[in-house]
Amino acid sequence: MSVTLMPIPGFPGNQTALNPAGPAAVHIEHTFALIFWITTTVYLLALAAVIYVVTRRRYQLTLMPEPLPTTKESDRVVTRAVAAAMVLTVMLLFVMMISSFITSRRIGRMNDQQALTIDVYGHQWWWEVQYPNEHEPFRIVTTANEIHVPVGTPIRIRGTSRDVIHSFWAPNIQGKRDLMPGYNTDVLMQVDQPGLWRGQCAEYCGLQHAHMSFYMVAESQTDFDNWMTMQIQPAVAPNNPQTQHGQQVFLTHACVMCHTIRGTTAGSRVGPDLTHLASRSTIAAGMLPNTVGNLGGWIMNPQSLKPGSRMPPNQISGTDLQDLLAYLETLR
């Protein structure tokens with residue numbers, strides 16, 4: 001199966017708010033850095049003061065320390081020091097609040113832009129992705145767990161949930177947005193750097209919440225247009241006895257009850273659309289690289305890989321499984 005594997009182990013640099021790849025993430029990172037350095041500085045100063053007081057005076061546990069002499073002048077010094085610390089604290093809090101307000105305004109102004117709209121639906125535990133087409137509804141593109149976007153183009157993610165509360169978060173691109181059942185949540189974002197940017201459900205949604213990830217694939221406008229053209233097409237017809245039999249295995253087993261393959265009689269939307277399954281880099285919502293071995297194991301016993309997932313185990317003979325995998329490899 002010819003796919004480009006994602007840099008899954010460790011997610012180096014492609015799932016962190018400290019490596020912004022878009023304007024919204026840049027604003028968020030600047031505010032985070034400001035708050036981090038302010039709080040770190042205050043913490044270190046407070047720690048230094050505690051260490052100074054502890055090491056400056058030492059007392060024996062068996063003796064009560066003599067009370068320190070006080071004068072009006074020393075009282076005034078202490079009062080002024082406390083007042084200055086309070087004023088500085090309030091000023092720093094206002095600085096952080098104003099910075100957060102400015103960031104929110106800058107991100108909010110992005111919502112006025114014209115943007116490419118992408119519909120995202122959260123399921124337990126995978127992501128359904130649609131590219132709507134109001135003028136030609138028959139050309140709607142549907143995929144799963146991968147969001148292809150052109151670099152430098154404003155993108156409007158219009159999200160909702162099909163079951164419980166999920167949260168859409170690609171930290172390199174934008175802050176998180178909760179997806180509520182029955183409500184639409186719009187968030188505008190833009191990716192300025194080509195690459196693979198990992199996202200994650202950021203709201204606990206059940207047993208496999210940790211394995212509900214997605215990738216944003218940022219590419220040139222030409223590559224994006226080519227990808228869209230390919231995704232609009234129905235599945236290719238099998239052209240040899242093995243893949244023809246594999247298609248029949250798909251259409252006569254439980255697969256057809258949950259999945260769609262456009263161009264065939266399979267039209268269920270319980271699970272991901274598989275029309276172009278082989279063009280995706282991962283399966284099981286980013287959990288496994290999309291290889292023949294992983295796909296075979298996932299088909300036969302998904303519960304051993306992702307306990308609690310909605311996909312049931314399948315009783316398929318070895319020959320039928322090999323033919324089914326050969327057919328699924330053709331779905332590019």
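**Close-up views of charged side chains and the domain interface**

**View A. Arg158 and Asp119 form a salt bridge between their side chains, with an N to O distance of 2.7 Å.** The pair joins distant parts of the chain, 39 residues apart. Arg158 belongs to strand β5 (residues 155–161), whereas Asp119 belongs to strand β1 (residues 116–123). Arg158 is classed as partly exposed because its relative accessibility is 31%. Asp119, at 6% relative accessibility, counts as buried. As in every view presented here, the coordinates are those of a predicted model.

**View B. A salt bridge connects the side chains of Glu128 and Arg269, with an N to O distance of 2.6 Å.** Glu128 is buried, its relative accessible area being 5%. Arg269, by contrast, has a relative accessibility of 52% and therefore counts as exposed. A search of the whole structure returns 2 salt bridges.

**View C. Glu146 is a buried acidic residue without a salt bridge.** This residue lies in strand β4 (residues 146–150). Which side chain of opposite charge is nearest to Glu146? That side chain belongs to Arg280, and the separation is 6.1 Å. The side chain of Glu146 instead reaches the backbone nitrogen of Ser281, at 2.6 Å.

**View D. Domain 1 and domain 2 share an interface that buries about 1,500 Å² between them.** Carbon and sulfur atoms account for 48% of this buried area. Among the elements on the domain 1 side, β2, β3 (141–144) and β10 (213–219) each supply at least two residues that touch domain 2. Across the interface, 1 salt bridge is found, together with 8 residue pairs in polar contact.

**View E. The domain assignment divides the protein into domain 1 (116–221) and domain 2 (241–329).** The centres of domain 1 and domain 2, taken over C-alpha atoms, are 23 Å apart. Domain 1 contributes 16 residues to the contact, and domain 2 contributes 18 residues.

Technical notes. Residues are numbered from 1 along each chain as its sequence is written. This is a predicted model: local features need pLDDT of at least 70, side-chain atom pairs count only at pLDDT 80 or more; totals for chains, interfaces and linings use all residues. Side-chain values use heavy atoms; hydrogens and water are left out. Helices (H or I, at least four residues) and strands (E, at least two) are DSSP runs, numbered from the N terminus. Buried means under 20% relative accessible area, exposed over 50%, partly exposed in between (1.4 Å probe, protein chains only). Lys and Arg count as positive and Asp and Glu as negative; His and the chain ends are not counted. A salt bridge is a side-chain nitrogen of Lys or Arg within 4 Å of a carboxyl oxygen of Asp or Glu. A polar contact is a pair of N or O atoms within 3.5 Å; within protein, one must be able to donate a hydrogen and the other to accept it, and residues adjacent in sequence count only if both atoms are side-chain atoms. Domain bounds come from an automatic or database domain assignment. Contact means heavy atoms within 4.5 Å. Buried area is the accessible area (1.4 Å probe) that two parts lose on being put together, summed over both.
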